[in-house]
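Hi,

Here is the structure I promised to pass on to you. Have a look at it first, and then read on for my notes.

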Amino acid sequence: MPLFLSLLLILWFPSTNADWPPSLGYWPSSKLRPMSFYSGFRNLWGPNHQTVDQSSLTIWLDRTSALIDRSIRSKLSNNEVHPGFHDEVDMEFLGTTFGKPYTLQTNVYIRGSGDGKIIGREMKFHLWFDPTTDFHHYIILWSPKEVVFLVDDVPIRRYPRKSDATFPLRPMWVNGSIWDASSWATEDGKYKADYRYQPFVAKYTNFKAGGCSAYAPAWCCPVSASPFRAGGLTMQQYRAMRWVQRYHTVYDYCRDPKRSHALTPECWSESKYLTNSWIKNFFQLLCD
């Protein structure tokens, strides 16, 4: 019991270093093997604005592609089979202006079309590095219990399943794109895409995807965000996530006083839920 109490106290111990995240102890991206682009993906539109080799994909936006489709987005979505009534889990870089950091936005919405008539669950971050200078891991881990967003294996957000009505339960596909979101993306639409600087380029590499389909047998065991088979995060991961959310969050819908939270139960008593979830998983790890 003394060991358990001392570990629990560390969960709430604040980091004093705002430049780099605390140690993780677990790296879920290492549990999946990389694949070539065509082994797991295909082009849906804009083939004239992409190049592919065995290890990377380059896509770009200019005036011609903007007409058919300035944010860079990776997402889970089922819009192809539920148009206008689909689920979506997003990680996207929003547009920026010179001298200002890029904003990484995460979002979850359920049975909506993205037309403003749905409940957005946006959290936005300024990362602890410049995302334009090198490749980094951007990860969405979706399980029946939670959605965890990670950057370089650092959990930046955990979205728990509080009810069936507020959680994506239907099968989804992985999508990546670059598109002109001038109406809202850059400082809420204040700045529009300046095509004097076209093309706007995004590069993907180290493609990884895996898991269990909706029709998989019971013994299928997908990669977890943590060593806990039941999901959740370890104490070290919670500490890292709290570090990110303390030093690098620039918007959290749960803390927006202008938003109604009547239909967002994930915003209710979140800190208590995190504590109880960690205690449950700690004892499971001991038993395993």
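Below is what turned up, starting with a sheet and moving on to the aromatic residues.

Please keep in mind that this is a predicted model. An open sheet of three strands runs in the order 1-2-11, with antiparallel pairing. Strand 1 (50-52) and strand 11 are its edge strands, each pairing on one side only. From one strand to the next, the twist averages 10 degrees. Six bridges join strand 2 (residues 56-61) to strand 11 in the antiparallel sense, and Ile-59 has Ala-202 in strand 11 as its bridge partner.

You will find Phe-207 in the loop between strand 11 (200-205) and helix 4 (235-247). Phe-207 counts as buried because its relative accessibility is 9%. Beyond its neighbours within four places in sequence, Phe-207 is in contact with several residues, including Arg-33, Pro-34, Met-35 and Leu-57. Ring pairs also link Phe-207 into a cluster with Phe-37, Tyr-38 and Phe-41.

On the aromatic side, the structure holds eleven aromatic pairs. One of them is the edge-to-face pair of Trp-128 and Trp-243, with 5.5 Å centre to centre and 70 degrees between the planes. Trp-128 lies in the loop between strand 6 (123-125) and strand 7 (138-142) and Trp-243 lies in helix 4, so this pair ties together parts that are 115 residues apart in sequence. Both Trp-128 and Trp-243 are buried.

Finally, Lys-124 lies over the face of Tyr-251, at 5.6 Å from the ring centre.

Key
Residues numbered from 1 in each chain as written. Predicted model: local features only at pLDDT ≥ 70, side-chain atom pairs only at ≥ 80, totals over all residues. Heavy atoms only, no water. Helix = DSSP H or I, 4+ residues; strand = E, 2+ residues; numbered from the N terminus. Buried < 20%, exposed > 50% of the residue type's maximum accessible area, 1.4 Å probe, protein only. Contact = heavy atoms within 4.5 Å. Pairing = 2+ DSSP bridges. Axes fitted to C-alpha atoms, helices over the stretch in contact; angles between N-to-C directions. Phe/Tyr/Trp six-rings, centres within 6.5 Å; stacked < 30°, edge-to-face > 60°. Lys NZ or Arg CZ within 6 Å of the ring centre and 35° of its normal.
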